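Here is a short briefing for a reader who wants the fold, the ligand shell and a few local details in one place.

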Amino acid sequence: MITKVFAVANQKGGVAKTTTAINLSACLTELGKRVLLVDLDPQGNATSGVGIIKQKLTRCIYDVLINDIPLEQVIMKTEQKGLKVVPARIELAGAEIELVAQNSREGKLRNAIESVKDDYDFIIIDCPPSLGLLTLNALTAATDVIIPIQCEYYALEGLTLLMNTLERVRKHLNPNLNILGALLTMFDARTNLAIQVVDEVKKYFPRKVFRTIVPRNVRLSEAPSHGKAINTYDSRSRGAEVYRDLAKEVLERV
Ligand SMILES: Nc1ncnc2c1ncn2[C@@H]1O[C@H](COP(=O)(O)OP(=O)(O)OP(=O)(O)O)[C@@H](O)[C@H]1O
């Protein structure tokens with residue numbers, strides 16, 4: 001199988017990029033896949049969310065992008081069998097500016113990934129909530145994009161900007177970049193609004209919306225503070241079931 005590299009991207013904040021990156025990664029490992037989760041968000045929530053203590057880190061993805069440290073030297077094991085992680089810490093915020101002065105600044109992550117790619121079936125990149133150079137690095141390295149969309153007011157806001165960015169990336173940096181799908185998140189079946197948003201998003205992305213819709217589930221919001229993905233934190237929760245469904249749907253699509 002050729003390694004698939006997914007960028008989980010949406011410049012809108014709090015739409016469940018990190019929740020999706022962690023739990024999709026973990027559920028793919030349950031299906032026997034080898035997964036590398038790359039935290040590209042300076043908040044480092046994907047890092048702490050899989051149980052890595054950020055204060056103890058000596059290196060992170062920042063050193064790969066800025067100091068040319070080989071990626072394999074930054075990869076860490078997690079408690080989840082089959083899941084490894086490239087951690088991020090707050091200093092990564094500086095990379096957004098420091099990268100500006102570098103040669104082939106959008107291709108840094110792609111080049112870094114090249115040497116480890118064959119060790120994994122999936123590399124899943126958690127993007128920050130912006131369309132700056134970090135996200136451009138993820139989109140340049142990716143084979144596919146997954147776009148989480150929160151079932152809330154203004155769900156579609158900013159999507160045109162995101163689509164324009166994807167178009168520019170295809171034109172100049174990564175011609176084969178594919179949209180794997182849009183993922184509806186934090187769905188609350190009791191509200192008409194959520195139902196309306198689902199319809200609108202389906203119109204906006206014909207045939208691209210994942211069948212799996214992630215409901216609001218309190219276990220999903222608790223899991224990161226325990227440093228665990230949902231399938232280890234509460235394997236029988238609705239959240240675990242849904243991200244397992246998503247993992248299967250992703251396998252159908254690739
Ligand atoms: N299905 C869900 N049910 C309940 N809470 C959720 C769900 N998905 C995500 N959350 C919570 O919503 C918040 C935002 O989620 P998350 O951090 O995954 O979004 P994000 O897009 O990565 O955010 P940012 O833009 O800041 O990087 C978190 O507190 C998370 O625990």
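This is a predicted model: local features need pLDDT of at least 70, side-chain atom pairs count only at pLDDT 80 or more; totals for chains, interfaces and linings use all residues.

Residues are numbered from 1 along each chain as its sequence is written. Helices (H or I, at least four residues) and strands (E, at least two) are DSSP runs, numbered from the N terminus.

- Seven strands form an open sheet with mixed pairing, in the order 3-4-2-5-1-6-7.
- Strand 3 (76-77) and strand 7 (178-185) stand at the edges. Each has a single partner strand, so one side of each is left without a neighbour in the sheet.
- Two strands count as paired if DSSP finds at least two bridges between them.
- Strand 2 (residues 35-39) runs parallel to strand 5 (residues 122-126), and five bridges join them. L36 has I123 of strand 5 as its bridge partner.
- Strand 1 is also parallel to strand 5, again with five bridges. Here V8 is the bridge partner of D126.
- Three bridges link strand 1 to strand 6 (residues 144-150), and these two strands run parallel. A7 is bridged to V145 in strand 6.

**Strand 1**

- A residue is buried if 20 or more other C-beta atoms lie within 10 Å of its own, exposed if 12 or fewer, and partly exposed in between, with C-beta atoms placed from the backbone.
- Five of the five residues of strand 1 (residues 4-8) are buried, so the strand is largely enclosed by the rest of the structure.
- In a regular strand the side chains alternate between the two faces of the sheet.
- K4, F6 and V8 point one way from strand 1, while V5 and A7 point the other way.

**Ligand shell**

- The ligand has 19 residues around it, and K17, T18, T19, P129 and S221 come nearest. A residue is near a molecule if its C-beta atom, placed from the backbone, lies within 6 Å of it.
- Helix 1 (17-30) and helix 9 (218-222) are the elements that give two or more residues to this shell. Helix 1 supplies the largest share, three residues.
- By class, the shell has seven nonpolar, nine polar and three charged residues. Ala, Val, Leu, Ile, Met, Phe, Trp, Tyr, Cys and Pro count as nonpolar, Asp, Glu, Lys and Arg as charged, and the others, Gly among them, as polar.

**Helix 11**

- Helix 11 (residues 238-253) has 16 residues. From first C-alpha to last it reaches 23 Å, close to the 22 Å expected at 1.5 Å a residue. The expected span is 1.5 Å times one less than the number of residues.
- Its buried residues are G239, A240, V242, Y243, R244, L246, A247 and V250.
- Helix 1, helix 9 and helix 10 (230-233) are among the elements that cover these buried residues. Contact here means C-beta atoms, placed from the backbone, within 7 Å.

**Positive phi in loops**

- M186 is not glycine, yet its phi is positive, near 55°. M186 lies in the loop between strand 7 and helix 8 (192-204). M186 is buried, with 22 other C-beta atoms within 10 Å.
- R207 is also a residue other than glycine with positive phi, near 65°. R207 sits in the loop between helix 8 and helix 9. R207 counts as exposed, with 6 C-beta neighbours inside 10 Å.

Note on methods
Two residues are in contact if their C-beta atoms, placed from the backbone, lie within 7 Å.
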